[in-house]
Amino acid sequence: MAPPGPWQSVQMKITAELNEIITAARATAMLPEAVGDVTGAPGAINAKVHVDQLPGVSGAVKLAAKAAGAVGVTVTAELSRQMLTLVIAASARGLNVSEQVAPVLRSKLARLPDGLASVRTADGRTMVDVNLDEVARRYKVRPTSVTLGDTVEIVGSL
């Protein structure tokens, strides 16, 4: 078989079990122990966050969070040519607290290279935007498909 010509793209596929990703995220301190019950569903990842157990939570917030109970979080993905957007919906006792997730995510993502990912809020949701042009420039691959669930799959072109 001849190598691909300049007009052909080579496809790459990465598949990982969600529990493997969680283990790696915890090992690099990207996912705190306060995030538990992480499960995959078709097209989504669900978790429970015990806000009172998050590092740096003040006494009053910690007390209120403990009374409110765990926050249910659902993450879905939207992909366009230039952007992968992870959409985060969070609720506690029926109240939308999605936008309160943004500051925590900003602090975690600050460790990534500049221009790779950003956090924004809109319509009662928090979104993490991953700049695919920057991914392609830095890592020489452009994601073309992302599937969330018990297994996470990323397909890209080299």
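Mentor: Strand S9 (142-147) and strand S10 (residues 151-157) run antiparallel and are joined by five bridges. Strands here are DSSP runs of E with at least two residues, helices are runs of H or I with at least four, and both are numbered from the N terminus. One of the bridges links Val-146 with Ile-154 in S10. This is a predicted model, in which local features need pLDDT of at least 70 and side-chain atom pairs count only at pLDDT 80 or more, while totals for chains, interfaces and linings use all residues. Residues are numbered from 1 along each chain as its sequence is written, and side-chain values use heavy atoms, with hydrogens and water left out.

The pair belongs to an open sheet of three strands, ordered S1-S10-S9 with antiparallel pairing; two strands pair if DSSP finds at least two bridges between them. Strand S1 (11-17) and S9 stand at the edges with a single partner strand each, so one side of each has no neighbour in the sheet. From one strand to the next, the twist averages 20°. Helix H1 (18-27) packs on the sheet and touches S1 and S10, with its direction at about 80° to that of S1. Such angles run from 0 to 180 degrees between N-to-C directions, and the axes are lines fitted to C-alpha atoms, for helices over the stretch in contact. Contact means heavy atoms within 4.5 Å.

A nonpolar core is a set of buried Ala, Val, Leu, Ile, Met, Phe, Trp, Tyr and Cys residues joined through side-chain atoms within 4.5 Å. Of its 28 residues, Val-49, Val-71 and Val-73 touch the most other members. Beyond four places in sequence, the contacts of Val-71 include Val-49, Ala-90 and Val-97.

Asp-129 lies in strand S8 and counts as buried, at 8% relative accessibility. Buried means under 20% relative accessible area, exposed over 50% and partly exposed in between (1.4 Å probe, protein chains only). The side chain of Asp-129 makes polar contacts with the side chains of Thr-85, at 2.8 Å, and Arg-120, at 2.5 Å. A polar contact is a pair of N or O atoms within 3.5 Å; within protein, one must be able to donate a hydrogen and the other to accept it, and residues adjacent in sequence count only if both atoms are side-chain atoms.
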